[in-house]
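Subject: Structure for your review

Dear colleague,

Please find below the structure I am handing over to you. My notes on it follow directly after.

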Amino acid sequence: MSGPRRPLPAWADVALVPLINIALAFVTVGIIVRIIGADPFHALRLLVVGALGSSESIGYTLYYATNFIFTGLAVAVAFHGGLFNIGGEGQAYIGGLGCGLAVLALDRYLPVWALIPLAIAASALFGAAWAAVPAWLQAWRGSHIVITTIMFNFVASALMVYLMVNVLIAPGSMTPQSRTFAASGKLPAVHDLLRGLGFTVGPSALNLSIVLALLCCLGVWVFLWHTPGGYALRTMGHNPQAAVYAGTDLRRMTMVAMCLSGALAGFVGVNELLGVHQRIVLDFPAGYGFAGIAVALMGRNHPIGIVLAALLFGALQQGGTELSFEFPTITREMVVVIQGLIILFSGALVHLPRPWLQALLARVR
Amino acid sequence: MPTPPMEAPPAIELLGIDKSFGTVRAVKGVSLRIESGTITGIVGENGAGKSTLMSILYGLYHADAGEICIDGKTVRIEGPRDAIARGIGMVHQHFMLIDSFTVLENLVLGAEGGPLLAKGMAAARAELARLGRDYDLNVDPDRLVADLSVGEQQRVEILKVLFRGARILILDEPSAVLTPQETDRLFRILATLKERGVTIVLITHKLREIMAATDRVYVMRRGEIVAERRTTDTDPEALAELMVGRKVRLDLDKAEAHLGEVRLKVEHLSLVDSRGVRLLDDIGLELRAGEIVGIAGVTGNGQTELLQVLAGIRAPTGGSFSVCGRTVDRAHSCDPAEMRELGVAHVPEDRLRQGMVAAFRASETSILGHHHEPPFSRNYIMSNPEVSAHCAQLMELFDVRPRLPGLRSDSFSGGNQQKLVLAREMAHEPKVLLVGQPTRGVDIGAIEFIHRELVKSRDAGCAVLVVSVELDEILSLADRILVMFAGRIVGEVEQRRADERTLGLMMAGAGAG
C-alpha cells in the first residue's frame with residue numbers, strides 16, 4: 001500500500017499530528033532560546049517544573065486551562081455552525097460584567113448557594129447578548145461576523161473602561177475596580193475544599209469553575225452530536241443549502257450558535273471574578289478569548305481535544321510565568337512568542353508534517 | 001486478453017493494475033491496451049472503477065501493483081505533472097476554469113512561461129490560433145469564461161490540455177453537462193482530433209455515446225475488465241448487460257395510471273427575483289394522486305425555481321398553489337419543514353449541494369429533514385442507534401452499496417447517493433413527491449431501479465412530479481408531459497401522443513401553444 005494521497009489513519013490524525021506539531025514548535029523555540037544565549041534544555045526543564053512540579057503549580061495550570069476550555073468551546077460551537085467567532089475576548093469581558101453586576105446587586109441579600117448560580121447565569125446571559133448583536137447583524141443585515149465580532153472586542157473594552165472609571169469604581173478608590181464582593185460572592189477554591197476533605201495542597205487560583213468547564217464540555221458534546229438542534233447546527237456549518245432544504249431557519253440557527261458561543265466565552269468571568277479577583281477589574285480576559293481560537297483549532301473542535309489543548313496552553317502559561325521569573329533573558333514577551341509559535345505550528349502549519357508522515361507510515365506497513 | 005501484434009506500440013498499455021482503498025479493492029488486476037490514434041470508450045456503472053483507473057493513469061492515485069506503459073515504454077507517473085510531461089491530458093467532468101478570467105488567461109494558467117505575462121501571452125495567443133486551425137476548435141481568446149456557453153467552456157478545457165502538449169486525451173463523463181446538440185458538436189471535435197493523431201479515452205456510462213463516438217470499448221464491472229469489443233461488433237443492449245451483469249430492460253413498462261384526487265394545484269404562480277427577472281411566469285398545473293407528471297425543458301427555464309417554490313424553499317411573488325389542503329401564496333408562505341409535514345417529499349436536483357451533507361455519515365444524511373422526529377429524536381435527544389438502524393433499512397430496501405451507514409456520504413457513488421436520498425424521501429410515504437433530475441450522474445443499473453421505484457410509488461397512490469432535462473427519461477416515466485420555456489409552461493402532451501420532435505420544438509420555444 002503506498003501513495004502520497006492515502007489518508008492517515010484516525011489515530012495518527014488525531015494524536016500523532018498534533019504531537020509532532022508541538023514538538024516542531026518546541027524545537028523552534030529551543031533554537032530561539034539558544035540564540036538569546038540561554039540553555040534550552042534547562043529552560044524546558046524549568047518550564048515543565050514550573051507548570052507541573054508542585055501541587056501549587058498544577059493548580060495554577062488547571063486554573064489557566066479552565067479559561068482556555070471556556071473560550072475554546074466557544075470558538076468550536078460557532079465553528080461547527082460555520083461561523084468564525086473572533087469575539088470571545090469581548091464576550092468574556094461582558095460576561096464578566098454581567099457576573100459582577102449580579103453579585104454587586106445581590107451579595108448582601110442572597111446566600112452563596114443562591115447567588116453563585118445566579119451570577120453564572122448572568123455571565124452566560126451577558127456573554128450571549130454580546131454575541132447576539134453581531135449574530136443578528138450577520139443573519140439579517142449580512143454584515144460579516146468576523147468583522148463585527150472583532151469590532152465588538154474593542155467596543156467591549158472601551159465600554160468596560162468607561163464603566164469602571166465612571167460608574168462602578170469603588171467609592172474613594174484610586175484604581176478603576178469595583179468594591180470587593182461579599183463572602184457570598186466567592187466560588188470556593190479547590191485547595192480549600194481539599195483541605196476540608198483532609199488533603200493538603202498548595203494554595204492556587206484554581207476554583208470550582210473547572211467543574212463548570214468540564215460540565216460545559218459534556219454539554220457541548222451532547223448538544224452537538226446527540227440532539228436534533230446540534231444536528232441542524234452542524235448541517236448549517238457543513239452545507240447551508242442542505243440546512244434550508246431540511247427546514248432549518250438559518251437566521252435563527254445563526255443566533256443560536258452565536259449565543260451559545262458567547263455564553264461559553266462569558267464563563268471566563270466566572271473563573272476570574274467569582275473565583276479569583278472578587279471584584280470587577282479591568283482587562284481580566286487577558287487574551288484568553290483570542291487564545292481560544294488556537295485551542296479550538298488544536299483540539300479539532302471536539303471537547304476532548306479542547307480539554308487537552310487547554311491543558312497544554314494552561315501549562316505553558318503557568319510554566320512560562322515561572323520561566324520568566326527564573327531567567328533574566330526570558331521575559332514575559334518571550335513566553336508569548338513561545339505560545340505564538342505553538343499556535344503557528346498547530347494552527348497555520350497544521351498540514352506541514354502530514355505528507356512526510358503519510359510516506360513514513362506507508363513504508364512501515 | 002489476447003492482444004494482436006501491432007506494428008506501432010500502443011499509446012497506453014496497462015498491465016495488472018491493482019488499487020485498494022482500505023478494504024475495498026477498487027481496481028482488480030486490470031490490463032488493457034489503447035492503440036494510438038483511436039477513440040476508446042470505457043463504460044461501467046458508477047463505482048465500477050473506471051474513474052479510479054483513469055486517475056491512476058493521470059497520477060492522481062498510485063497503483064498498488066501493476067505497470068503503465070506509454071508508447072511502449074514503462075513509465076512511473078508520480079503525479080499529474082508527470083502525466084502531462086508524458087503527453088497525457090485530462091478533461092474533468094467539472095470544469096477547472098476561472099470564470100472571471102478570459103479564455104487566454106485560463107489557457108496560460110500554470111504555463112505562464114516566465115515572470116512577465118506579456119511574452120507568454122503573445123506566444124499563447126499564436127498557439128491558440130494554431131490549435132484552433134488544426135483541430136477546428138475556435139474560441140475567442142479574449143472573452144470571459146463566464147460569458148461562454150457550457151459547450152464552449154468544455155472546448156476551452158480541451159484546448160488547455162492540448163496547449164500543454166497532450167497527445168493522449170482522457171475525458172471523464174464529458175457530456176454530463178451538455179445539451180444533445182452540444183454533445184454532437186463535441187463528438188465532431190473528437191473525430192477531428194483523432195484524424196490528427198490524438199489518442200482519446202472516453203469515460204462514460206451513456207451507451208449511446210459509446211456507439212456514436214468510439215472505435216473500441218472496454219466494459220468494467222466491480223473493478224475488472226469484463227469485456228472488450230469493437231464498437232461496430234456490439235450494440236447497446238449487449239453492453240448494458242455486460243455492465244450490469246444481467247439482462248437490463250432499457251424501456252420501462254408500466255400499467256395505466258389510476259387517477260385519484262387533486263393533490264397539488266398551482267394557479268398563476270410567478271416568481272420575480274430581487275433584480276426584477278421573471279423566473280416563473282403564470283404557471284398553472286394540476287397533479288393528481290396516482291400519476292407521474294413530467295416537466296421537460298432545457299436547463300435554466302424555470303424548472304429549478306418551480307421545484308424550490310413547491311418545496312417551500314422560496315416563496316412565490318405572485319399567484320398561489322395549494323397542496324393537501326394548504327394554500328400557499330405571497331402572504332401565506334411556507335417553509336420546507338411545514339411542507340414535509342404536509343406530506344410533500346422533495347428529491348432536490350443537486351443532491352450534493354442540497355439533498356445531503358457531504359461530510360456527514362450516511363446515517364446522518366438519511367434523516368436530513370426528519371432529524372427532529374421520533375424515533376430519531378425524543379425529548380430533544382437523538383438516538384444514534386435508531387438513526388443507524390433506519391439507514392441500514394433504507395440501504396437494504398434501495399440496494400445502496402456499500403451498506404455502511406457509518407461511511408461518509410460523499411464516499412458513495414452518485415447512483416448510490418441518489419438511491420439513499422430517494423429512499424429517505426420515499427420512506428415516509430409522501431402524498432406528493434417532487435423529484436428533480438432523478439437520474440443525473442446515475443448509472444444504468446440504478447436508473448432502471450429508480451424509475452421502477454418511482455412508478456411503484458405512483459401505483460401506491462402518490463402524486464409524482466418529475467423534472468428532468470433528459471427527454472428520454474420524461475418520455476418513459478411521465479403519464480403527462482409539461483414543457484417549460486422561459487419560466488412558462490408552453491405545452492402539455494399526454495404520454496401516448498408525445499414524441500421527441502414536437503417536444504424538442506416546444507423546448508426551444510417554437511411550439512408554444
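Chain B falls into three parts: domain 1 (12-244), domain 2 (249-343 + 430-513) and domain 3 (355-428). These bounds come from an automatic or database domain assignment. Taken over C-alpha atoms, the centres of domain 1 of chain B and domain 2 of chain B are 35 Å apart.

This is a predicted model, in which local features need pLDDT of at least 70 and side-chain atom pairs count only at pLDDT 80 or more, while totals for chains, interfaces and linings use all residues. Residues are numbered from 1 along each chain as its sequence is written, and chains are lettered from A and ligands numbered from 1 in the order in which they are written.

Chain B contains an open sheet of 4 strands in the order β2-β1-β4-β5, with antiparallel pairing. Strands here are DSSP runs of E with at least two residues, and helices are runs of H or I with at least four, both numbered from the N terminus; two strands pair if DSSP finds at least two bridges between them. The edges are formed by β2 (24-34) and β5 (73-75) of chain B, each pairing on one side only. Neighbouring strands of this sheet are turned by 30° against each other on average, direction ignored. Within the sheet, β1 (residues 12-21) and β4 (residues 65-70) of chain B pair in the antiparallel sense over 5 bridges, and Leu15(B) stands opposite Glu67(B) in β4(B). Helix α1 (residues 50-57) of chain B lies across β1, β2 and β4 of chain B and runs at about 115° to β1(B). Such angles run from 0 to 180 degrees between N-to-C directions, with axes fitted to C-alpha atoms, for helices over the stretch in contact.

Turning to the interface, 18 residues of chain A are in contact (C-beta atoms, placed from the backbone, within 7 Å) with 25 residues of chain B. On the side of chain A that touches chain B, α9 (228-238) and α10 (240-245) of chain A each supply at least two residues. The largest share, 5 residues, comes from α9(A).

Finally, in chain A the axes of helix α4 (residues 88-106) and helix α11 (residues 250-266) come within 7 Å and cross at roughly 65°. On the α4(A) side, the contact is made by Gly88(A), Gln91(A), Ala92(A), Ile94(A), Gly95(A) and Gly98(A), and on the α11(A) side by Gly262(A), Ala265(A) and Gly266(A).

Kind regards

Technical notes: Two residues are in contact if their C-beta atoms, placed from the backbone, lie within 7 Å.
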